[in-house]
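Hi everyone, thanks for coming.

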Amino acid sequence: MNKSFYRKSIFLLLLPLLFPVLHSCEPLATGFDDVENAVMYSKTLKVTPPQPDSTLKVMTWNIRFGIGRQPWFGDACGDNTVFKKEEVMPGLSAVVARINEVKPDILFLQECDIKSNRTAYIDELQYILDNTYFNYAAYVSEWKAEFIASDGLGRMDMGQVILSPWPITDAKRINLALRGDQAGIINYFYLHSCIITGRIKIPGFKEIPLLNIHASAFATDDTKKKHYEEFKAELDKLDAAGEYFIAGGDLNELPPGSDSTDFCFEDMCPGESFHQPGDDPQHKAGSDYSPETDWLTPIYTAYKCAFPLNEYLLNQPAYFTHTTRPEHAWDRTLDYLFTNNRWRAGSAKTHQEFFNESDHAPVSADFVLIKE
Amino acid sequence: MIRKLIVCFTLVCCANILQAQDAPLLKKWSYNTAYQMPAGKWESGIFQPFRYGISDKLEVRTNVLMLPFFPGAGVKIALGTKNNFVIASEHSLSSPTPFLNFISRKGIGGMISPEYDFSFILSVANSILVSRQIAPSAILSANAGFTFALRGSKPDPQSTIDMPLFYPRMAHYYEGASVKAGAAVKGSMCKKWFYEEGLQVFIITRAENNFFFENNGTIMWALGKSLRIKGGYVLAYGKYPYITPKWQMWPTLDLVFGSR
């Protein structure tokens, strides 16, 4: 046998090592397909689901990963990135208490953390599921990375949820357009906006498609507009198929005709300056909605918002759902519920009294069920 | 998985026993073996530490590039040869405090959240290395040792870098001592091409997040008499604070240069 044979044999012997390697590894940050299956959760000891007679209470809530109003570096001028378990649990328990108080039949959540470094590796969805009356949940990641070497973020898995007492079927993650105003490497590790979809079937009523969106908050180009177009396209498909959907979420956009559209000063952190000669940028990312005032018009025109636009325009502060400032009142509307069917008149509510649980107020309304 | 890797590793060793070739393996790649850097010779890599042979019995090392952030130094002492087994011991001291405080920052590069401050930590590592030439062009090396830390105060357990490669090597800064053992075979494929395949286990003396395993494979190309490029992979398994044990693969790359 010659030397060459032995050399080749070493390479051949090394090759099997690659199989387990390629089989078992996760990338540093997770990319997403256009459409993927959601991760399903269920409760071990299930609760008997209610039997509604004519309506279904639906609520959407951006829960700010359960940290309540604590200052976080990413959205509230804070220095903190990471929270201890004893700092997260009170906020998360408060969210659970409010859910049990309102008792929605269907709940859409945004910014729910699953074993993320910043929230002490708590599986927040499992906690919510275990401590409420819901039996099932579907989860999709919006921001998922094994490790983010920036601001001490570390491991991250944040996403959107649909919770229901009835089984959720056909749950999917629909990827939305990537931010066009970020460098490639930052975008790779940054959150990728998406819609979570699913379906529920309540005995005696038609199956209901559900869609929960969290659109980009900080894009300064037309990324958000693309998100609304993609969201509407999904709604249009269901509408064209003769299905009656419930859609909602944190659209990170003001209703058309809003009086205030620039919140740079409201959101400004110490040391920042905007709108002054020489300021670059002139506006704080995610705080100036002025060029976007009609971006939600197509959705408002085609479908029914839980709060009709004319009602909102008459008394805007009553419908505000967000503020970045824990010491001020709500100052803008970013959270919505839409349907192509009907909301029960007078049922819609912006829960502005839930001020300390998150930087978003939940919105709820009663969807009118359609008999089979 | 671990069983498969051990079988592959054993097969690589067997293949080397059969191989016969005259290649200057030790001149090019004595790092990670019980063999010493020859007296008066030096080599360094970007990531691999600078090593200098003081005598045939003593070698010193430090990481030059990291020195301002991660002050530390070590020695390798030749303990002799018995039944063709070359034996050496390695001892090192390092202080990761400036490095930890440097990467505890806002913005890109902030691997640790800026709210954490690290007090003085002194890491002490001791290990035994045994090497044996198993073929004219292949060396099998084994190592076993322990590392512990002397700390001003215990760092916050949430300030760890929960990533393969980093976490097991830093675990003893936070709690417990690190016991490690491993083996590697390195050899030459031809005059300018070399390889190394190794396994390493880390056990941290504490109740949880305490077991880590690494398999590394490296190919090295000797560009000239004093310059080498090496690259490969590290396949790591570990129990991290987020509970689910997992496998991850990382690429490796280094440039090694030194005396002719």
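How many helices and strands are there in chain A? Chain A has eight helices and 14 strands. Keep in mind that what you see is a predicted model.

How compact is chain A? Its radius of gyration is 22 Å, close to the 21 Å that the globule rule gives for 372 residues, so chain A is as compact as a globular protein of that length. Along the principal axes, its C-alpha atoms fill a box of roughly 90 × 65 × 45 Å. Of those 372 residues, 45% count as buried. And if you take the contacts in chain A between residues at least 6 apart in sequence, 74% of them join residues at least 24 apart.

Now let's find a sheet. In chain A, seven strands form an open one, with mixed pairing, in the order 2-5-6-4-3-14-13. Its edges are strand 2 (39-42) and strand 13 (349-350), each pairing on one side only. Look inside that order for strand 3 (residues 55-62) and strand 14 (residues 363-368) of chain A: they run antiparallel and are joined by six bridges. There, A:Val58 stands opposite A:Ala365.

On to chain B. Here twelve strands close into a barrel, in antiparallel pairing. On average, neighbouring strands of this sheet are turned by 20° against each other, direction ignored. As one pair, take strand 4 (residues 72-82) and strand 5 (residues 85-94) of chain B, which share ten bridges; B:Ile77 in this pair stands opposite B:Ser89. Finally, helix 4 (residues 166-174) of chain B lies across several strands, including strand 7 (138-151), to which the helix runs at about 35°.

Notes:
Residues are numbered from 1 along each chain as its sequence is written. Chains are lettered from A and ligands numbered from 1 in the order in which they are written. This is a predicted model: local features need pLDDT of at least 70, side-chain atom pairs count only at pLDDT 80 or more; totals for chains, interfaces and linings use all residues. Two strands pair if DSSP finds at least two bridges between them. Helices (H or I, at least four residues) and strands (E, at least two) are DSSP runs, numbered from the N terminus. Axes are lines fitted to C-alpha atoms, for helices over the stretch in contact, and angles run from 0 to 180 degrees between N-to-C directions. Two residues are in contact if their C-beta atoms, placed from the backbone, lie within 7 Å. The radius of gyration is taken over C-alpha atoms; the globule rule is 2.2 Å times the number of residues to the power 0.38. A residue is buried if 20 or more other C-beta atoms lie within 10 Å of its own, exposed if 12 or fewer, and partly exposed in between; C-beta atoms are placed from the backbone.
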